[in-house]
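Please read the notes below with the model open beside you.

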Amino acid sequence: MPEPSEITRVHSINSSAPPIPLGAAVPLSVSADVRQEVAALAAAQAGLNIEARSQFQMARARFFHHKLALFGLFTFVAILLFSTVGPLFWKYNYAQVTNTFISGPSLAHPFGTDTVGHDMFAQVMSATSTSIQTALVVAGISTVVGALIGAWAGYYGKWADSLLMRFTDLILIVPALVILLVVANTVSKTANNWFWIALILAGLFWTVLARLVRGVFLSLREREFIEAEHAIGASDARIILRHMIPNAIGSIVVNATLTVALAILVEAALSFLGLGIQPPEVSLGYLISQAEGDATVLPYLFYFPAGFLILIILAVNFIGDGLRDALDPQQRIRA
Amino acid sequence: MGAYILRRLGAGLLVLIVGTFFLYLLVSLSGNPLANLMANPHISPATIRAARIELHLNEPLLQRYWTWVTGMVQGNFGISTQGGPVGPQVWPRMWVTLQMVIPAVILSVILGIGLGVISAVRQYSITDHISTGLAYIFFATPVFVIAILLKDFLAVKVDNAVGHTVLYTVGQNNPGTTGAWSVFVDALAHDVLPVLTLVLITYASWSRYQRASMLDVLNADYIRLARAKGLSRRRVLYVHALRNALIPVTTVIALDFAAILGGAVITEIVYGWEGMGRFLFTGLTGPVSPDVNVVMAALLIVAILVVLFNILADVLYGLLDPRIRYA
């Protein structure tokens, strides 16, 4: 129990009347947040003007201080531009068969040409954009679905909760790749199937986020500030949107980033096995599988798609790490 | 603890039953195994009708599932569309896959935990930075890219330089080998590249977990106390810190088992091994696919292993950390 004098002192912070003895007067046991507020108040009294920063502003400032995350963001944007804007300016189309085949990297064909005569530069651009677009769709769908279902299960619990947990148990028993092999085997025979592949991947990946959000909601539900909201008569929608989601947003965003990396990896594996994106469309995994047979004699056919694949995933992982640090409310990095 | 394990096994069995039901429907509906036969004009309708009856394709789907389940319970895996029973093919293939997976898991555990501990004890040293950098790279590299790099770039160059085959790139053994010792050496030589592939994609995340958990422990109050009362550095690190830091990693390792089997499927295909991965893959995409009984045999064995490893993870956690009690 604090001394009575201490209580009055803390209370008097909010009433501006008497000058408050600050500094040493603040007990050490008070959390860092309160101490910061007190310091800010002292600064305000001294005539300095400190602006309040929102959750987003603080996260942004922390993210831009993370060197690897910035490198990742820069690389990812560069690759994205290369693969989407690049084809508009490049002289060859990815499906076009040129007169030169099996030529190494040169000025006319920076990434060389394959045994049929496809320009690899155009093929890698197209494959990269297919892979990224598939992964972004997967991450988008699985994040929205996972967050909604996880929030429902965590907040309302009961049968929705046990249904979710049993379903995720079911998906956990078999390696994701194996389920995908089975499902993709049917879908892969249809033309222009990247969207179907994306749907299947999303159908498996949402469960991870759902479990995560459920966990966060379950623990938040019991906290005092939520109880206080209930006491003042706040609606469920207000509690979820104003209090629960902002507390869970860190896990959601970081998980969405990791899902992008995972989706690119798994799609590449499926395409490598011939069950993913089908020709004439190309993806990075497909290009690598085509290069495998001649990898010893035509290594450039392998190096470029494999290099891009690794670079994209590295970049996305760095962004994910930066976001994790930036969105963690426990972080006290000066920003 | 006994009651807890029994309850978990019961729940696992239930999940297996429901799971195999859906998987059976999924695999059966994914295609017609007789499609190639029917497309061939030289094959008479009578032959196709006979094949349909032999494979029970004339029966309703639920009845086929029931036949499979009742056979399964008696240890009968059914027949393959390629001819012959599935059962005798399963165990040799399982053995081939384990020949790759078991050494890979053991080496990954040693490498992952070792590097993780060194990284944590010498945080921000050169060793830590290199280990972290490598972990990031292996984490971002798909298993088939590592497999192709090792096979087509490393092994071919090494073999050419030496003049004869040192690193085998195809198959799990030389079929003609005789004598117990020669067979063992031969299997070991074929194991090198596939095991290395699996280790590289597996150890990276384990070393990160081990590093984080070791750092957590090293910052704990009881470690400061152990140091303050004058215990040697070795004793503090390896008796007080390491033992506690191993607890969370044990669970991660057991839970990652499913992912390793997934990686093994691709590794087997790149290196031309005749294990469970290729068995499943040909069952799904071969000329007479889907080979439902083959696919289901592979899926069931993998699913049982994953369920058991999940339970093992939780049990180990309880045994290693006395603060955790299962009600």
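1. Among contacts in chain B between residues at least 6 apart in sequence, 72% link residues at least 24 apart. This is a predicted model, and every figure in this note is to be read with that in mind. For chain A, the share of such contacts that join residues at least 24 apart is 70%.

2. Which secondary structure does chain B have? It has 13 helices and 0 strands. Its elements, taken from the N terminus on, run α-α-α-α-α-α-α-α-α-α-α-α-α. The C-alpha atoms of chain B fill a box of roughly 85 × 60 × 40 Å along the principal axes. Of the 327 residues in chain B, 35% are buried.

3. Chain A also deserves a line on its make-up. Its secondary structure comes to 13 helices and 0 strands, and the pattern along the sequence is α-α-α-α-α-α-α-α-α-α-α-α-α. Chain A has 335 residues, of which 39% count as buried.

4. The two chains touch. Chain A gives 29 residues to the contact and chain B gives 34 residues. On the side of chain A that touches chain B, the elements giving two or more residues are α7 (158–172), α8 (176–187), α11 (236–272), α12 (284–292) and α13 (299–327) of chain A. The largest share of that side, 8 residues, belongs to α8(A). By class, the side of chain A that touches chain B has 23 nonpolar, 4 polar and 2 charged residues.

5. Within chain A, look at helix α9 (residues 194–221) and α11(A). Their axes come within 9 Å and cross at roughly 155 degrees. An angle over 145 degrees counts as roughly antiparallel, and α9(A) and α11(A) are therefore roughly antiparallel to each other. The crossing in which α9(A) passes α11(A) is right-handed.

6. Which residues make the contact of these two helices? From α9(A) they are A:Ile197, A:Leu201, A:Phe205, A:Val208, A:Leu209, A:Leu212, A:Val213, A:Val216, A:Phe217 and A:Leu220. From α11(A) they are A:Met244, A:Asn247, A:Ala248, A:Ser251, A:Ile252, A:Asn255, A:Thr259, A:Leu262, A:Ala263, A:Val266, A:Glu267 and A:Leu270. The contact of α9(A) with α11(A) divides into 17 nonpolar, 4 polar and 1 charged residues.

7. As for B:Ala298, leaving aside neighbours within four places in sequence, its contacts are B:Met276, B:Phe279, B:Leu280 and B:Gly283.

8. B:Thr282 sits in helix α12 (residues 276–285) of chain B. Is B:Thr282 buried, partly exposed or exposed? A residue needs 20 or more C-beta neighbours within 10 Å to be buried, and 12 or fewer make it exposed. B:Thr282 has 19 C-beta neighbours inside 10 Å and so counts as partly exposed. The C-alpha atoms of B:Thr282 and B:Val294 are separated by 9.0 Å, and these two residues are 12 residues apart along the chain.

9. In chain B, the axes of α5 and α6 come within 8 Å and cross at roughly 135 degrees. Angles over 145 degrees count as roughly antiparallel, and those of 65 to 115 as roughly perpendicular. The crossing in which α5(B) passes α6(B) is left-handed. The contact is made by B:Leu115, B:Ile118 and B:Ser119 of α5(B) and by B:Thr127, B:Asp128, B:Ser131 and B:Thr132 of α6(B). By class, these are 2 nonpolar, 4 polar and 1 charged residues.

10. Where does B:Tyr124 lie? Its place is the loop between α5 (87–121) and α6 (126–140) of chain B. B:Tyr124 has a positive phi of about 65 degrees, although it is not a glycine. With 9 C-beta neighbours inside 10 Å, B:Tyr124 counts as exposed.

Note on methods
Residues are numbered from 1 along each chain as its sequence is written. Chains are lettered from A and ligands numbered from 1 in the order in which they are written. This is a predicted model: local features need pLDDT of at least 70, side-chain atom pairs count only at pLDDT 80 or more; totals for chains, interfaces and linings use all residues. Two residues are in contact if their C-beta atoms, placed from the backbone, lie within 7 Å. Helices (H or I, at least four residues) and strands (E, at least two) are DSSP runs, numbered from the N terminus. Ala, Val, Leu, Ile, Met, Phe, Trp, Tyr, Cys and Pro count as nonpolar, Asp, Glu, Lys and Arg as charged, and the others, Gly among them, as polar. Axes are lines fitted to C-alpha atoms, for helices over the stretch in contact, and angles run from 0 to 180 degrees between N-to-C directions. Angles under 35 degrees count as roughly parallel, over 145 as roughly antiparallel, 65 to 115 as roughly perpendicular and the rest as oblique. A crossing is left-handed if the near helix is turned anticlockwise from the far one by less than a right angle, and right-handed if clockwise.
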